[in-house]
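User: I am new to this structure and would like to know how its labels are assigned. Please start with an outline.

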Amino acid sequence: MLMERRKARKSKAEAAIPADGARLCEWPGCRGAEGQYRAPRGRDDLNNFYWFCLEHIRQYNASWNYYAGMSDDEVEADVRKDTVWHRPSWPMGGSSKRSFSPAAKFKDPFGFFDESGPGAAEADAAVKDWSAAETRALVVLDLRPPITKENVKARYKELVKRHHPDANGGDKRSEERFKQISQAYQLIMNGLTA
């Protein structure tokens with residue numbers, strides 16, 4: 001079936017070529033110019049072409065608009081589909097019907113495929129003992145259990161370099177953020193030494 005369509009398409013294209021081997025321009029009223037340049041027949045028929053001479057291909061291209069007749073929403077949807085080459089795509093991660101759950105297929109005694117990971121219960125229990133202020137400090141530093149002095153110091157150094165007022169030209173927002181980071185660091189370090 002597919003081969004028959006291809007043969008029909010090829011024979012149609014060959015029929016448009018005159019006996020001397022040169023295509024004629026298909027522009028209405030064009031007399032005898034050679035059609036060397038192809039142009040799509042329409043948005044829904046991009047594999048079949050008109051053949052035009054140089055003068056008429058320029059006119060055709062200047063007036064042809066792929067998105068003509070489409071609403072703004074349809075144009076936006078088409079552009080979004082173009083970003084994935086009009087192939088279906090699914091969100092990464094999260095919960096979807098097609099998500100892969102290795103734990104459902106194999107035995108996982110160490111919890112490697114569990115979303116919370118091994119040792120998560122102990123880390124969660126340690127965080128539950130922290131005060132609300134210490135928990136907010138963890139959020140300010142964007143830290144997650146397990147919390148160690150090395151992790152806290154490394155994160156603090158990274159944030160100080162990024163938000164120090166001298167590094168940001170004296171920006172007031174950076175200065176406020178720097179103060180919050182310093183207070184959070186002190187609070188967490190005091191909680192770790194206790």
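Analyst: The protein has eight helices and two strands, where helices (H or I, at least four residues) and strands (E, at least two) are DSSP runs numbered from the N terminus. This is a predicted model, in which local features need pLDDT of at least 70, side-chain atom pairs count only at pLDDT 80 or more, and totals for chains, interfaces and linings use all residues. Residues are numbered from 1 along each chain as its sequence is written, and side-chain values use heavy atoms, with hydrogens and water left out.

User: Why does S174 count as buried?

Analyst: Buried means under 20% relative accessible area, exposed over 50%, and partly exposed in between (1.4 Å probe, protein chains only). S174 has 9% relative accessibility, so S174 counts as buried.

User: What makes Y50 partly exposed?

Analyst: Its relative accessible area is 27%. Y60, at 10% relative accessibility, counts as buried.

User: What makes R23 a charge over the ring of W51?

Analyst: The rule asks for NZ of Lys or CZ of Arg within 6 Å of the ring centre and within 35 degrees of the ring normal. The charged end of R23 sits over the ring of W51, 3.9 Å from its centre.
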